[in-house]
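I'm looking up charged pairs and a bit of surface today.

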Amino acid sequence: MKIIEDAVNCIKSQVRKLSASTGIITGSGWDLSTLPENVTEIHYQDIPGFPTPTVGGHKGSLIHGYHNETEIILLQGRVHYYEGYSMDEVTFPVKVLQALGVKQVVITNAAGGIRSDFKPGDFMVVTDHINMMGVNPLRGKGNTLDKRFVDMTEAYDRQLAGIALNTGEKVSIMLHRGILAAVTGPSYETPAEIRMLKTLGADAVCMSTIPEVIVCRYLGMKVLAVSMITNHAAGIGTSAMRHEDVVHMAESRSKDASRLISAVIDNMPR
Ligand code: HPA
């Protein structure tokens, strides 16, 4: 698509000899901007077609650089369906990553913990998902590749998840494994909705990630997804839900988040 080409040309004109095979997308409050060195930073608003975040906790820039031996493209901040963006817009950055040559993507988010042993501040490697958004980013006539019915039996790459879990042990950061549900938001769930999600088998709930994962799989990119449990889901804890608390918790865990993703990147295939 022309607009993806325009974005790719814009990025390539600013980053010479770009050949990163690893991409990272950060969620609410996750700040991984200290990870890459020798960086070129391009604000989303300066890239043709790139949607710009409107919520707190999302910075909105593409950062190219090197983490030790690994060349990475970090998308610091994302946009959400609840902001009013279309699914095409929400997944545009993922399409640009693929067009830049990225083969594997680390996707992070903030999520509410549904499982009773999940505490705010914990991390979870996503092993599977339940899409409760009521929409699918692949819907439409314009799919450019000749595959509409994308296999999702191993949406989350088992090898990458294994690497993340082993790495967590090595750096002494406990990682749960679990199933992620996504809803559109922006209102938080009711306690009854959380009981429903629990019954369906979800361990954590977020308002992002799943559309990006579906498009990654459509485009043949491998996915590792890591959630930070920023709060007890509605009705699991006693307090009311507030976005500021989610962002604060994510920020207060950002050192461990960086340490974890840094070690994971070092252990991933290049
Ligand atoms: N629900 C949905 N999305 C979220 C939550 C939650 O409790 N916490 C962080 N993102």
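Is L200 buried, partly exposed or exposed? I get 47% relative accessibility for L200, so it counts as partly exposed (buried is under 20% relative accessible area, exposed over 50%, partly exposed in between, with a 1.4 Å probe and protein chains only).

Before going on, I note that this is a predicted model, where local features need pLDDT of at least 70 and side-chain atom pairs count only at pLDDT 80 or more, while totals for chains, interfaces and linings use all residues. Residues are numbered from 1 along each chain as its sequence is written, and side-chain values use heavy atoms, leaving out hydrogens and water.

Next, salt bridges (a side-chain nitrogen of Lys or Arg within 4 Å of a carboxyl oxygen of Asp or Glu). My search of the whole structure turned up eleven.

I looked at K2 and found it bridged to D6, with the closest N and O atoms 2.8 Å apart. K2 is exposed at 57% relative accessibility, and D6 is partly exposed at 25%.

Then I checked E212 and R78, whose side chains meet in a salt bridge at 2.8 Å, N to O. E212 and R78 are both buried.

Last pair: R115 and D203 form a salt bridge at 3.8 Å, N to O. How exposed is R115? R115 has a relative accessible area of 27%, so I put it down as partly exposed. D203 comes out at 12% relative accessibility, so it counts as buried.
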